[in-house]
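Please read this note with the sequence and the structure side by side.

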Amino acid sequence: MAKSGSPRIAMTAPDHYEVTYTINPWMQPDTWARDPKSANQTARAQWLALKSTLERIGFTVDVIPGVAGLPDMLFPANAAIIFERRAMLARFRYPQRTGEEAHFRRYLLDLHERGLLDEIAELSPGLNQEGAGDCIWDTKREVFWAGFGPRSDAWALSEVTNFFQRGVVALLLATEHYYHLDTCFKALPGGEILYFPGAFAERSAKLIVDMVASELLIAVTAEEAASFCLNIVELGRDLVMAPPPSRIRTILEERGYRCHEVDLSSFILSGGAAYCMTLRLDLLSSPHVDIAKEGETSCSPRISPTPL
């Protein structure tokens, strides 16, 4: 069970989750509509199983209320990038999700009031960037890997760089199925990079190969990627994920990782899995940086465009 001061992660309550529209090729509103009541019950059970698993490996789970009419709030990885007690609020490309922004903004302000955030920034007008789903911190290399193209704008990456003062490796996503980086790429704490080469433009795929030592680079097939086995929440050597293909599970276990599998089929039906369904609140570049305890507040948050 998670204790005070334990790693903290957010999930959105599943009360209003459903699949009623299509903004990516995975979404199947017709399947959901066949039996909405049963679909909702199954989704709730799977959500609870994920929450329980995260708590079992050591996370404190912060639950964000869901909002009627905004079913994709269930995927808070897209709410913001949070790093070293600073947050950059996302801006969504599709109108089906833009209503989430005000609710996630209020949630970030609540985190500040609770002493869990020091600063909040918003993107300059006209730019889209869809949070941690398109911006993954690599502890080993101390850079952000950032996806752009389908949802996030390339121009937004300079604002990410300037606000967080960290290097950003820009990767062009080249398919509609892999619309966020977290669906096709995962940086693991041991330095391994799991990725699906077919999700990336040729130059971006080559960039990954050039930056990562061959013994740390793990390419997955199209069939393996479709299981959402790269959409992983990690805590040290513990990996929480939708059930992976046996080859991927074996590779991870041989490298010393423990795979905690959760059936997330209700959410894959909408194009998301474990990482999409969470937002890490206490991500640090170094494990030695102290985090203020809940209730300790600092100065008022700055909510403004990141300077270019």
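This is a predicted model: local features need pLDDT of at least 70, side-chain atom pairs count only at pLDDT 80 or more; totals for chains, interfaces and linings use all residues.

1. Residues are numbered from 1 along each chain as its sequence is written, and side-chain values use heavy atoms, with hydrogens and water left out.

2. Helix α2 covers residues 36-57 and reaches 32 Å from its first C-alpha to its last, close to the 32 Å expected at 1.5 Å a residue (the expected span is 1.5 Å times one less than the number of residues; helices are DSSP runs of H or I with at least four residues, strands are runs of E with at least two, and both are numbered from the N terminus).

3. Several residues of α2 are buried, among them W47, L50 and L54 (buried means under 20% relative accessible area, exposed over 50%, partly exposed in between, with a 1.4 Å probe and protein chains only). The face turned away from the buried side of α2 carries the exposed residues K37 and R56.

4. Strand β7 (residues 143-148) has 6 of its 6 residues buried; V143, W145 and G147 point one way from the strand, and F144, A146 and F148 the other way.

5. Strand β6 (residues 135-138) pairs with β7 in the antiparallel sense over 4 bridges (two strands pair if DSSP finds at least two bridges between them), and I136 stands opposite W145. On its other pairing, β7 runs parallel to strand β8 (residues 167-172) over 6 bridges, with L172 as the bridge partner of F148.
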